[in-house]
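Colleague: I have a few questions about this model. Could you take me through it in short steps?

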Amino acid sequence: MQHPSRVLRALLLAACAALAGLGVSAQTAPASTSGIQSANIFEVKPEASADPGYATQTNAERGKVQPGNNAPMWRQVGAGATGFSSLPKSEAPEAGNLIQPFVQYPGSSYTNAGEAWRQVRNNWLIPYGGSLLLIVMLSLAFVYFAKGPMKTTLPATGRKIERFTPFERAAHWSNAIAFVALGVSGVVMAYGKFFLLPIMGATLFGWLTYALKNLHNFAGPLFAVSMVVVFVTFLKDNWPEKGDLQWVLKGGGMLGGHAPATNRFNPGSKAIFWGGVFFLGLIIIASGFVMDKIVPGLIYERGTMQIAHMVHAVTSVLMLAMFLAHAYLGSVGMDGAYEGMRHGYVDEAWAKEHHEYWYDDIKSGKIPAQRSALPATSSPITPSQPV
Ligand code: HEM
């Protein structure tokens, strides 16, 4: 084995020889080294950009005018050209492509897909989505403080009708809890930097967002499963029925006068069921699954994620707006509604006033007033007397 100092000296000599060969030396470099002419690429006369076809030159063509300038290659990279990669397409579908090709997403300019996506997010989704949510929240607060909760004018009878069975309530609340977790974490991810970051500082906000992002990823599939259960459970009472058109024409009683009679669910709830639960729900879940990369057979490229994200963001803002209104009416906005979903029962007077056709069907025995099995100690309820 050689002495380390000898090895070091040999290495130094080799390095000096290599540098001398490249013309890098403390002394003046020779004008010509084995036929290679050096040139300062910043001092090319005339300007390279004056060449005809300057923008379309290849690296080799540019090399003749500006030796060592490989701008054409980088221009290609910037325009989205895909180079060679030995990685298999199945494992790395975008290997060899540093910057995505040009696209124009709705609302963006024609530019690299990453930048186009950023423009859509920052110029449209965030400001307009946030404004919509703020407008809905302010409107609901205004309705609450200006009009107060919707009251039942008929006097309570004390006789109860089962509005939701334990199974229906369990399905509803599992779904609602998952939805609230998704809504809160989604809002913090999208808008938290505007209203939380200035209060908590970057470290805490970073941790919070990281935790909520993971919560979002796990609550998503729970929401999807409970959503299917909710859809199947409530489907049979959400078809259009007699009286629905009347109710819509009279704006659900908001255009003056008493709200027209409805069945178990009014057209407002039905619109939320079909528009929110079914239509938006399906799109949100599908786009969420794409971002979770759990849809088999899909090739997950950056473009796939960008499109899924934009679809997800639009539909979830619309769904949040819808369900803010639903949650308002289902909690502080309407007396008696929350009790129905919390404990399962509503007073006969509530049923008659808000869902008269449903109440009539119960009175006539077409629908049982008690649908779930009662504990052995209780006696069945029969709303025999008129309210
Ligand atoms: C915190 C949020 C929520 C609250 C406070 C809430 C409250 C309520 C209440 C009180 C009812 C009964 C209304 C009635 O008696 O007519 C109800 C019904 C219902 N809710 Fe919610 N809910 C919430 C979130 C959700 C979510 C996220 C979904 C689904 C995505 C949902 C889907 C439904 C459905 C399907 C019904 C039955 C009405 C129909 O099918 O038309 N709810 N909710």
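Modeller: First, a term: helices are DSSP runs of H or I with at least four residues, numbered from the N terminus. Gly-303 sits in one such run, helix 10. The model is a predicted one.

Colleague: How many helices and strands does the protein chain have?

Modeller: The chain runs to 387 residues, and 20% of them count as buried. Of its contacts between residues at least 6 apart in sequence, 60% join residues at least 24 apart. The protein chain has 13 helices and six strands.

Colleague: Is Gly-303 buried, partly exposed or exposed?

Modeller: Buried takes 20 or more other C-beta atoms within 10 Å, and exposed takes 12 or fewer. Gly-303 has 18 such atoms within 10 Å, so Gly-303 is partly exposed.

Colleague: Leaving aside neighbours within four places in sequence, which residues is Gly-303 in contact with?

Modeller: Start with Pro-101, which is 202 residues from Gly-303 in sequence. Their C-alpha atoms are 9.7 Å apart in space. With neighbours within four places set aside, the contacts of Gly-303 are Gln-100 and Ala-113.

Colleague: Are helix 9 and helix 10 roughly parallel or roughly antiparallel?

Modeller: The axes of helix 9 (residues 267–291) and helix 10 (residues 302–329) come within 8 Å and cross at roughly 150 degrees. An angle over 145 degrees counts as roughly antiparallel. Therefore helix 9 is, relative to helix 10, roughly antiparallel.

Colleague: How many charged residues does the contact of helix 9 with helix 10 have?

Modeller: Helix 9 passes helix 10 in a left-handed crossing. By class, their contact has 13 nonpolar and ten polar residues. The number of charged residues there is none.

Colleague: Which residues come nearest to the ligand?

Modeller: There are 24 residues around the ligand. By class, this shell has 14 nonpolar, eight polar and two charged residues. The nearest are Ala-176, Phe-179, Ser-269, Gly-330 and Met-341.

Colleague: Which helix gives the largest share of the shell around the ligand?

Modeller: The elements that give two or more residues include helix 7 (202–234), helix 9, helix 10 and helix 11 (337–343). Helix 5 (166–195) is also one of them. The largest share, five residues, comes from helix 5.

Technical notes. Residues numbered from 1 in each chain as written. Predicted model: local features only at pLDDT ≥ 70, side-chain atom pairs only at ≥ 80, totals over all residues. Axes fitted to C-alpha atoms, helices over the stretch in contact; angles between N-to-C directions. Parallel < 35°, antiparallel > 145°, perpendicular 65-115°, else oblique. Left-handed = near helix turned anticlockwise from the far one by under 90°. Nonpolar A, V, L, I, M, F, W, Y, C, P; charged D, E, K, R; others polar. Near = placed C-beta within 6 Å. Contact = placed C-beta atoms within 7 Å.
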